[in-house]
Amino acid sequence: MSDYKPTYAQLLETNNLIQQNADEVYWLCATRTVQESKIFPVSAYILFSYLNCYYRYPELLRKIEAQMSMEEIGDRARNQGIKIVAWTFPCFYLLGREMLINWGLIEPTDAVEDVSYVLDCWKRFQLSWHRNNGNLTNRQAGHRAQVMPEQKLQVFHADAFECREGDALHKAAQGFLAATAQYGFLVSCESRLTLHNYGPYKVGDRREMLVRDFRELSESDYPWLDGVGADIPYNNLTVTMIVEGVHINLLDDWGSFESVPELKAEHMVGVGLYTADNLSEGHVPVGMGSAEELTATFNDLTSRIKHATSLLWKTMAGWTRDQQLDAGALTYFAVIKEFAHIAGCYEVDDWMKIDERAERFRPLLNDEYGNLFLGELVGYISSPSQRLHDYTMMQHNDNPTRSLSYFPYSMLTDGQYTRGVGPMRPGVSNLPDKQDRYRTSRGVLTLAEYNRLSREFTPTLCQEPYRFLCADWVKYHYDTPQADTMFKLEQQHSRVLKDKGAGLRREDVEALRGRT
Amino acid sequence: MSARLYTDTDKYAWQSEFPLVEAYNSAVKDLVRKRFAEFGGEWRDFVAGAGETAITKEDLLRIEQRVLDYGYRFEPSAISSAAERPQAYKDKGLNQADFSFEHEQAPTAAPDAQGRELRGAGDNVVTRTQTVVGIARYVRTSDTVLKYLTEGVPADTIAIVDDSGGTLTAPVLEQFKGVLCAGGTTRSHLAILTREYGIPCLMNVKLSGIKDGQRIEVECTARAKTGDDYASGTEVPARVWRLA
């Protein structure tokens, strides 16, 4: 008998959190995309990453929470943006568990303390990140991602420059969006983990705003961007897009969207550009002094990104398969590494290495087995562990299946379970060593400097007395000095709203933009 | 000597969908049964202790070798996989000079009044106002992309690619006049990128008889295929013609 004893309530909640992810696994993976690549063995590296998540996440999350709670990290994510963690964080981990159950290497009763803890971390992070709409996930919100507060949205709305298809700003913005999306797919080894959309937000009749994050563009955590990303002056860029005559009707937990009608370049009528990281006071405008300056900024960044794309492509096309496997697996596994940066406890060996317990499975991960086993786990839902009794009708497909295994409640009486996977083991990587250069909003830092500054810095809006001044408080206190100061803090870099305070409505913002 | 595992008793006795997965996963389970039996103790001591070292990389290499010894060869996805281990992967003809896709489902028809010969169809990403005409060129290897990167993409190239990823053609994609992709959906990375670049593109295209260098016309004026179309199984074919 273990000295750790889960309660009935804990298991009920853990299984509920497993189920919430199980429902979304099939919908996202079977209906939203097909991932293929001639450069990367994508499915094989995805499976590899799942194993690394299973063996490493529990200890890494405990290490992060020793510095900062998941709730506080959620506050920071809302303030600065974050990579796609909503579905990836729990599901990568739980799919690693599912693989090992199907290999007989663990039982569904194993690592109950770890799994409960990882899912509890996810829940607390998500609830904090999403506190402005009260939902755990975009799925719960009807596939919407309205996470930002009014004061930030007002600045994004106010400062966006009007543009029309064919004009110089529109062309520059479209060129930037295309080139940066392409670079992002390459940086993240044919995944979309560097792109993330938020919204939609209503900004007027027939107008909605989409906020798109591009993350990890410069020299930061990935060894493969050393040198390649050196000329890109921002690690993260956020593009605000106002679209007209189109409705964003779906924004999922991968940060991807759909619209009615199909979004085309002609629908974009407003655009803005910002940067943010965990060392900045929220979003800082980039080239936003005038439409001409923004046009030139987009064109300059596009040129730098295209150059970096060519450099990176040549590097990656010359990699061995093991290097491709490592890079892809580490990209997926390290999707939550930004938590460690926010907490100021990032270490290269924690996040850029394959744990030796996962490494031993490398020989199994040929292309075909990778494609088929991944397909079974997330698309067909046809692995033996996923089969349920014959009366079951799974959400979305009515089959007698479930994507992710529960913990049996029998554990509460028979005591047959284990707590966790224990400490991290040494890791390996076939990639070049990471150089000690990290592009941040404070310049290029060493990792030691970056961690120190991260531990010392808390954005003003994430500190008392502002941290808990939420939208529901603003609704009834917008006329107080405290609300005014909070809005002015968000407005400090705004071209249109600087020092306007808390009293504006959306129509007022539109009027200040010259549109009534 | 072999032990029973927790999952060996399964009321719904299910097997994996694919024989290769079943073979691999069963082989790993057999290994665990054997090593757990040799361990001789409690599962809780094995699972987070001895079990983590009792199953080794060498064990798993032997599982793969057994599959290869039967004469099985893996279906490659990445170029590097077959290039590094040609003895383990099937040859997909990536370097075959006279290659053409010959999909069984490709619709074909005799030349019409304008001399256009139907040779395939796919899922249109964005509805355009005009069809696109260009020269078909297969882009299936990083060597081809590197050549284009060095020498420039030939004018009027409509690239024909195998997979729906956005990485193989990343440094030259913008220079294509059109793209025909044999895989993926209108939600795939390649579809997203061609939409952003304004390049006409068909995904999941089925082709027959189109050779490198031939003039083709792509019906990118067809209705774009939506998520609802995929969910309901509705086909919305956009055609590909070979021109005289």
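**Note on a two-chain predicted model**

1. Start with one pair of residues. A:Leu250 has A:Glu258, in strand 6 of chain A, as its bridge partner. Strands here are DSSP runs (E, at least two residues), helices are runs of H or I with at least four, and both are numbered from the N terminus.

2. The model is predicted: local features need pLDDT of at least 70, side-chain atom pairs count only at pLDDT 80 or more, and totals for chains, interfaces and linings use all residues. Residues are numbered from 1 along each chain as its sequence is written, while chains are lettered from A and ligands numbered from 1 in the order in which they are written.

3. Back to the strands. Strand 5 (residues 247-251) and strand 6 (residues 257-260) of chain A pair in the antiparallel sense, over 4 bridges. Pairing requires at least two bridges found by DSSP. The two strands of chain A form a hairpin, with 5 residues between them. In the turn, A:Gly255 has a positive phi of about 80°.

4. Next, the domains of chain A. Domain 1 is 8-141 + 320-407, and domain 2 is 150-318 + 464-512. These bounds come from an automatic or database domain assignment. The C-alpha centres of the two domains lie 27 Å apart.

5. How do these domains of chain A meet? In the contact count, 34 residues of domain 1 touch 29 residues of domain 2. Contact means C-beta atoms, placed from the backbone, within 7 Å. On the domain 1 side, the elements giving two or more residues include helix 1 (8-31) and helix 2 (42-65) of chain A. By class, that side has 15 nonpolar, 11 polar and 8 charged residues. Nonpolar covers Ala, Val, Leu, Ile, Met, Phe, Trp, Tyr, Cys and Pro; charged covers Asp, Glu, Lys and Arg; the others, Gly among them, are polar.

6. Now the two chains. 69 residues of chain B are in contact with 61 residues of chain A. Helix 1 of chain B gives the largest share of the chain B side, 7 residues. That side divides into 35 nonpolar, 21 polar and 13 charged residues.

7. The largest nonpolar core has 207 residues, and A:Leu47, B:Leu180 and B:Cys181 have the most contacts inside it. A core is a set of buried Ala, Val, Leu, Ile, Met, Phe, Trp, Tyr and Cys residues joined through C-beta atoms within 7 Å. Buried means 20 or more other C-beta atoms within 10 Å of the residue's own; exposed means 12 or fewer, and partly exposed is in between, with C-beta atoms placed from the backbone. Helix 2 of chain A gives the largest share of this core, 15 residues.

Methods: Two residues are in contact if their C-beta atoms, placed from the backbone, lie within 7 Å.
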